[in-house]
Amino acid sequence: MVLAVVEIVVLLVLLGLLLSRLGVWTAGRPALAPPRATWGPAHDEVDGVTRVLLRRSRPGPDGEPVVLEERVFATFPADDPAWETRFTEAMAGARFRCRYLDAEESAG
């Protein structure tokens with residue numbers, strides 16, 4: 001009975017050592033590939049000018065997006081009487097362009 005308990009304890013210790021060794025061995029390598037960056041439309045207003053943007057980003061370690069690249073797609077005055085129409089059209093064009101850029105990167 002005592003011998004069986006000692007054998008189980010020795011096996012558990014050896015298993016623990018093996019698992020910790022494997023954990024140390026794999027800690028130096030990335031476990032998963034980093035999340036893929038994607039393009040998405042965005043907009044902001046700077047000095048009275050509305051900018052429609054193309055942003056390439058990926059999720060950061062905290063889950064928030066990390067912006068890798070930003071391109072201005074369209075600009076127009078924020079007080080333009082046709083602002084809503086121009087904004088809607090620019091965002092539709094930006095979404096189309098982002099899909100194109102994502103497809104181009106996936107193929108390349």
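This is a predicted model: local features need pLDDT of at least 70, side-chain atom pairs count only at pLDDT 80 or more; totals for chains, interfaces and linings use all residues.

Biologist: Thanks! How many salt bridges does a search of the whole structure find?

Modeller: The search finds 6 salt bridges.

Biologist: Which residue does E70 form a salt bridge with, and how far apart are the closest N and O atoms?

Modeller: E70 pairs with R51, with 3.8 Å between the closest N and O atoms. The pair links distant parts of the chain, 19 residues apart: E70 sits in strand 3 (residues 65-77) and R51 in strand 2 (residues 49-59).

Biologist: Which residues are linked with R51 and E70 in a network?

Modeller: D44 and R55 join R51 and E70 in a network of salt bridges.

Biologist: Nice. And D80, is that one buried or exposed?

Modeller: D80 has a relative accessible area of 17%, so it counts as buried, the cut-off being under 20%. Its side chain meets that of R86 in a salt bridge, at 2.7 Å from N to O. R86 is partly exposed, at 35% relative accessibility.

Biologist: Changing topic: which residues form the nonpolar patch on the surface?

Modeller: V2, V5, V6, V9, V10, V13, L14 and L17 make up that patch, and together they have about 700 Å² of accessible area.

Biologist: Where does V6 lie, and why does it count as partly exposed?

Modeller: V6 is in helix 1 (residues 2-27). It counts as partly exposed because its relative accessibility is 44%, between the 20% and 50% cut-offs.

Definitions and conventions
Residues are numbered from 1 along each chain as its sequence is written. Side-chain values use heavy atoms; hydrogens and water are left out. Patches are made of residues with over 30% relative accessible area and no salt bridge: like charges are joined within 9 Å, nonpolar side chains (Val, Leu, Ile, Met, Phe, Trp, Tyr) within 5 Å. Accessible areas come from the Shrake-Rupley method with a 1.4 Å probe; for residues, only the protein chains shown count as cover. A salt bridge is a side-chain nitrogen of Lys or Arg within 4 Å of a carboxyl oxygen of Asp or Glu. Helices (H or I, at least four residues) and strands (E, at least two) are DSSP runs, numbered from the N terminus. Buried means under 20% relative accessible area, exposed over 50%, partly exposed in between (1.4 Å probe, protein chains only).
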